[in-house]
Amino acid sequence: MSLSPVTIIWAGVFCLLGIGLYGLLAVRNLIKVIVALQILVKMAMLSLVAASYSVDKLALGQSLAVMVMVADTIVAVIGLALAVQVQQRLGTLDISELSRLRK
Amino acid sequence: MIMSSWLIVLIIGVPWLGAVVLRLVDDRRAQLQHTLAAAFACITGAVSVALLFFSSGEVTLSLPLGEVFGVFTFVPDAFGVSLSAIAAAIGFLAVIFSVDYMQGEAQLGRYYSFILLFIGAMVGLVLSGNLLLLFFFWEITALCSYVLISFYNDDPNAVKGGLQALIVTQLGGVGLLAGALLVQANLGTYQISTFLAEAHTLPVGVLSLTAFGCLFAAAAKSAQAPFHYWLPGAMEAPTPVTALIHAATMVNAGVYLLARFYPAFEGVPGWKTAVVAVGSITALIAGIMAITAVDLKRVLAYSTVSQLGYMVYAIGVGGVFASQFHLFSHAIFKALLFLAAGTVIHSVGTRDMRQMGGLGKSMPFTRAVFIIGSLALTGIPIFNGFWSKELVLESGAAVGPNWAYIIMLIGAGLTAIYTIRMVWMVFYGTPASEEHYHDAAPFMRVSLSVLASGVMVGWLLVGPFGQMMERTLPYHHLHVLTLPELFSEAFRGAPLTLTIVFTGFALYLLLRKFTALWDQFDWLVRFADLDFGFSWLSDRFAGAVQGVAESVRVTQTGQLNWNIFGLVLGLIVILAVLIVGAA
Amino acid sequence: MTIPPFIWCIVLLWGLTPAIYLLGRIGQQRDESPGSPIARWAALAAMLAAWIPLGMAITSFADGPARYTLGAMALEFDGLALLLSVLAMALGTLAVIYSIGYMAGSDDEEKFYAMLVAMIGAIVGLGCATDLFNMWVWFEAMAITSYLLVAFYHEQPGALEAGVKYLVQSAAGSMLILLGIALVLLQTGTLDLSEIHAAAVTSPALLSAGGLFLIGFGVKAALVPVHTWLPDAHSQAPTGVSALLSGVVIEAGLFALLRVITALANVTSDWGVLLMGFGALNMLIGNLMALRQTRIKRLLAFSSLVHIGYMLLGFGAAIYTGTLTGAQGAMFHVFNHGLMKSLAFMAAGCFLYVLHAAHSDHSALVADDLYGAAGRYPFAALAFSIALLSLGGLPPLAGFMSKWQIFVACFNSGNAWISGLAVFGALNSVLSLGYYAPLINRMYRKAPSAVIENGPESLPLSMLVPLGLMALAIVMIGVWPVLLDWLSMPSGLALMAALSG
């Protein structure tokens, strides 16, 4: 199999997936968690564009990516707003402190 | 609609309407609650008596509910009308009794409402001709029993007893559920009549599963070993409830189930032996536990378990008629005994027989009816228990395994011992206190008198009862008896059993004083107090489940990273399953 | 082309959302009070107004599913959409009525109502989506509104924590869904669900896509092991929202999952097996987790896991064996669970309201607070008992009938394993009584707890009305299960139609 641009993009998608998931598993800072989420968002957008390119529907893929951008900006904004509240009310951004609800 | 369909609508509808109405009446208007409850129960009782004259083996009322739920049918056959008459009549007497017994109690609306709901459900259970409907009513009776056992919710024992009863009977219910669904899946119908007619076409494995599923359900519902331990726990209920639900009606549902499906299951290999074993072992161990118990209601509870064992045994040896006859007798005399015991408890304020004694002087009426009930329980002629118990033993002697027959004879002796012990400890002997207790109140006397006369003359109905069964139960091929036949049948075995019974009486009266001898049996007493380990096992099991649940809770760590780990883990597992599935 | 009524339902809900917010805001500024009564009534009016087009959509449903195409995007009001929109609208309306009393005077009331109505609109839209990406957008809209509602008490550490966990886990799942969509697009070249069904063949890409969908939508539908957000979010949200989250939002996630799974039906026959496997796991873990809970809303949240398990069992059996009964039974259970769980949350919310009123704090309602509740609040206690007993599967209540139907489907499959799973489900029902029943015992004690004793004399009428309606519905369905055939039948048929393409 030759190393076509599409293959490289898909490799990038799975790299981003791995990095994003690893980030969510490992980081302790709420802001970094949201950054890791954003990496996953980029993974998703990239995969949509790559897939639509392969099936020759690039316009579709790009419009999907724009929609994803819109939706996930809202999610990121809400996430950051919650982070601000967490910092204000609890005085920390360490998510291991955010474990009062358990069992 | 014809007359009998209207009666069926009324006999379930009236008490259920009553249940709703009682729920709506303000708890501060107690007198109105008593009156309304008595009125609804009275109408139900009257309808049930009327229904006796309209028995038939045909579907009388059917409500089609589509493919999945089948046709809800009601069949007023002999099982149905006689058991619904018992439920409604004893229900009425229990309500009348409650007017005095529950005077001044709180939450009367809830109390009466669930009693009426129960009466309707019990009647529905025995009249339904559809397996789903049967299960539906079966579970409602369990619900009512749970609510009424833990009626005194402030008492932890009552809460525990109610929950135990609920969980055990529900667990048994799973057996009935599986059986009903197997029948539906294989025959495509819920109709009991179709099932009885076509049971032989089912694969042996399916029929065995159904048969043993039903036995499992029946054992749990009728408090048979190894599930018998919930019934003593149920004694925390107010006594009229005990008399109605845990002596006269609901606990009979298991026996009813076995009797109802007997034609389908009798050919299943090992099933009859299993039924005999369950019945006889239960009768034996419950008899022993009744001798050692000191709580008056618990003695009666063990006695109920033991008598239910007789009925189950009778079915196992093919004596369906004998078992139903004993069920009929037992319902009346045990309701009488419980209500009389309730009168005693109401006056004395305790259930501990060691704190009673010599009550006969101050409560002559109660003593009289209690002794009538006791004589029936031990099987002394001419009380109703004598006839039916003799029939049960005769069926066992004719065809059953000998070991089981011998156990049942020993059981008769044990019955004599615990009964006379109970009568002695409560009404004779030295009084535990000098206080003078009041005898039964007027409404209580009404209930007790009716039941006592039922105990004395109820068995005279055996002829019409038998004819009705023969006419309306086409699949059972019953061996029914007329009154003269009953005489000859019962007196054939009577010398033997009566000897055993009087030996039992004599043993107790003679050896009562030799405490040293009784101490020799101390280990048995202690073992019996532990329910022969069954309730211990059940508690351990419940504890183990709770323990597992507690340890599973650590999986909810509350850590965000851990939540994401769940996501990754789930993804990996799913992909693995898909890869394995595709390969 | 005329616009079919169901579109008007969505348009009304979303169109009125800003109006609710603005009216509430204006009213607040005029009265200079923290609460805003105008927002409450505006929200109620919006919900009632949306019933008009929905009612028309229901009456015209008999003529076949309505379809609306706008450019490349199509919405279809089929059986699944019918059930989901009726459930969402019914529970949404009741939740709004309930919140009139429950939320009265709390800060940001106008945002609460605006988000609530928007969430209902998103759920109705989600039910009607016919292509993958469109579905994702509705799904995300529902998720976003629900994040805000979960974290509504943003000054409470518990609510903040629950909001953060919910958002992160849910958003991560949502990205996995997008990756799955990309894989489907790559393999089939289309996003339309029926075209995907036709084009799908067994391939690694579609298998992984299905796995990604299972987990991605599974986060919302609370499959074990991605359920960990649910007990936090459902217990920390305001009660009206908890009722909706458990009663309809997780079911909406499940419906979305079903739509994509049925579109990929030809890829493998393992989907049904996986669903049943998750069903068994959900029942067991949910029950064990709930058994030792003392916080009531958390207990109810875990019980939602159990009921998702029953639905998965029914849907799984239907997808695996292709029988209608399972699909219909599970749909029936979806609706009943919506009623039962909402009733349970709202009734528990009454006692929580009492707790707030008595102590003005946000501490959790624990089981021992229920002591003697029936003495002072007999109606709420009765409603709570009915909800709990129905959840436990006791007749004559709705939960019994739908569980029965699911078990019938399992036994009718003729497969010993599936029948065994039904018995397992029945045993789990028995186990669940181990935590439902003690709550009822507590309420009917005579000696009241401190919370109940210090509570107000009576509860607001607006909280009692939804309780009464739902309790009545549960009893009626329990006695006469065919009452709901008009919902469960078409939705079951729609699922089977989607399965066979």
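A residue counts as buried when its relative accessible area is under 20%, as exposed when it is over 50%, and as partly exposed in between (1.4 Å probe, protein chains only). With that in hand, let's look at one glycine in chain B and then at chain C. This is a predicted model, in which local features need pLDDT of at least 70, side-chain atom pairs count only at pLDDT 80 or more, and totals for chains, interfaces and linings use all residues. Residues are numbered from 1 along each chain as its sequence is written, chains are lettered from A and ligands numbered from 1 in the order in which they are written, and side-chain values use heavy atoms, without hydrogens and water.

**A glycine in chain B**
- B:Gly466 is buried, with a relative accessible area of 0%.
- Helix H20 of chain B, residues 462-472, is where you will find B:Gly466; helices (H or I, at least four residues) and strands (E, at least two) are DSSP runs, numbered from the N terminus.
- Setting aside neighbours within four places in sequence, B:Gly466 is in contact with B:Phe321 and B:Val480, where contact means heavy atoms within 4.5 Å.
- From B:Gly466 to B:Gln324 there are 142 residues in sequence and 10.0 Å in space, C-alpha to C-alpha.

**Chain C as a whole**
- Chain C has 20 helices and two strands.
- The C-alpha trace of chain C spans about 65 × 55 × 40 Å along its principal axes.
- Of the 501 residues in chain C, 70% count as buried.
- Among contacts in chain C with a separation of 6 or more, 81% come from residues 24 or more positions apart.
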